[in-house]
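Here is a short report on one protein model. Look it over, then read on for its metal site, its core and its pockets.

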Amino acid sequence: MDVNRQRLRRDIEENAAFGATDAESGRGRTVLAGTEANREARDRFVDRCTDAGLEVSVDAVGNVAATWFPENADPEAAPVATGSHLDSVPEGGIFDGPLGVYGALEAVRTLQESDLERSLERPVTVVSFTEEEGTRFGGGMFGSSVATGRRSVDDALAATDGDGIAVEDALESIGYRGEGILDAGAWDAFLELHVEQDTRLEERGVPVGIVTTITGIAHATAEFVGEANHAGATGMDERTDALAAASEFVLDLETRGREHAAAGEGTAVATVGKSRVHPNATNVVPGRVELGVDVRDVEYDTMEAILETATTSLERLEAERSVETGFEREIDVEPAPMDRRCRNALERAGAEAGIDTLELHSGAAHDAMRVSRVTDAGMLFAPSEDGLSHTPLEWTDWEDCATATRVLAGALANLAVADES
Ligand SMILES: [Zn+2]
């Protein structure tokens, strides 16, 4: 079974022309959902699927699904699905998303050309989800949230961009406001191929990563209220400095993050990435500070433990520095373990093809995270050069793209045999 590397490369390169940006080095593209560049990318994808004999449908929020019915497959059997997204962040790279979409299509074409086709008992569906990046309409994993029943169609269609344009109108204007809802829960299994966006595969010299878990993510705002006062006239014993207190909190959280990372497998991370200081003047003792807290890990218990120490730190600072504090959790997403059956299918495919694989976790969220809540899901990674992503410098070697696609094709074949367990 041979992946056609040139065909895959041509697909990704031609897709890269839509929304292409002038980058000083590398190759950038800006493809936001519901824009002209997005229409061109979608049109071409639909054409390529039709060329390969797939049956294409578009749902109400623009998710595109293209299904192949192998010769001996039961057309009514739950399909094995695979795919990713075609949208990008502003000035993003050409592989984040498209590798998973066109790798999925190439995997299907590879199976069509192999003698494995006759043994496949399930249909295979290639998917392109609407707006994974969340750049225009916000939220992220937009299309997969609807396909997994997490978000209602009406709510999704009513969402607006910064100019007040609704999703419904944006999709209508590019001809991708379809019918019905893609139901990910009806799939037998789902696999997503993606670039790693990290350096672990490159460092180990392994061409394919098999994802164990996609990390959970919690966001919270910590607030510190002291007393704004004259920086010159207020003595050191007379002030309640909200920023000085907040600074101790930042260090407490970092220490706790480091401890948990060292105690576990290094997957836990804790960050204060945002601060707002009031009134934010050099000659005023800060009266109020808000901090944005981001905590992630593959174990929800660890995330909880880190967030709990954040609360302990606030209590200490109230006692020692007389500030008032508040702590509000805004985003709380549990880690998404990848399904054992999907991981086995990927491992077996690698072993059968003589391709080395490495188990690793994903620190970034992907559509597979949503899909894993409603059916068996798995992910595989191709190496990212220097770990760069969301930049025109993002790069994955064409050979590595083909190698990962070869593993994807093998895993799809393993899963599309109905009695595979
Ligand atoms: Zn992506």
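Which residues coordinate the zinc ion?

## The zinc site

This is a predicted model. In it, His85, Asp96 and His194 coordinate the zinc ion. The two histidines each use NE2, and Asp96 uses OD. The distances run from 2.0 to 2.2 Å. Along the sequence, the donor residues follow the spacing H-x10-D-x97-H.

His85 belongs to strand β5, which covers residues 80-85. Asp96 sits in the loop between β5 and α3 (98-113). Are they buried or exposed? His85 has a relative accessible area of 0%, so His85 counts as buried. Asp96 has a relative accessible area of 4%, so Asp96 is buried too. The cut-off for buried is under 20%.

## The nonpolar cores

The largest nonpolar core holds 63 residues. Which of them touch the most other members? They are Ile12, Phe45, Leu54, Leu191, Leu380, Leu408 and Leu412. Helix α12 (residues 398-415) gives the most to this core, with 10 residues.

Another core lies apart from the largest one. This other core has 26 residues, among them Ala65, Leu360, Met369 and Phe381.

Now take Ile12 as an example. Leaving out residues up to four places away in sequence, Ile12 touches Ile94, Phe95, Leu99, Tyr102 and Trp398.

## The largest pocket

How much space lies in the largest pocket? The value is about 610 Å³. Its lining has 29 residues. Nearest the centre lie Arg296, Gly363, Ala364, Ala365 and His366.

Four elements each supply at least two lining residues: β9 (216-225), β14 (324-333), β16 (357-362) and α11 (367-371). Strand β9 gives the most, with 3 residues. By class, the lining has 8 nonpolar, 13 polar and 8 charged residues.

## The second largest pocket

The second largest pocket has about 310 Å³ of space. It is lined by 20 residues. Which ones are closest to its centre? They are Thr213, Glu265, Thr267, Val298 and Glu299.

Here β8 (208-214), α8 (242-263), α9 (300-321) and β16 each supply at least two residues of the lining. The largest share, 3 residues, comes from β16. The lining divides into 7 nonpolar, 8 polar and 5 charged residues.

How values were computed. Residues numbered from 1 in each chain as written. Predicted model: local features only at pLDDT ≥ 70, side-chain atom pairs only at ≥ 80, totals over all residues. Heavy atoms only, no water. Core = buried A, V, L, I, M, F, W, Y, C linked by side-chain atoms within 4.5 Å. Buried < 20%, exposed > 50% of the residue type's maximum accessible area, 1.4 Å probe, protein only. Contact = heavy atoms within 4.5 Å. Donors = N, O, S within 2.8 Å, 3.2 Å for Na, K, Ca; no water. 1 Å grid on protein atoms, 1.4 Å probe; cavity = no way out; pocket = protein on both sides within 12 Å on 5 of 7 lines; lining within 4 Å. Points joined across faces, edges and corners; volume = space filled by probe spheres on them. Nonpolar A, V, L, I, M, F, W, Y, C, P; charged D, E, K, R; others polar.
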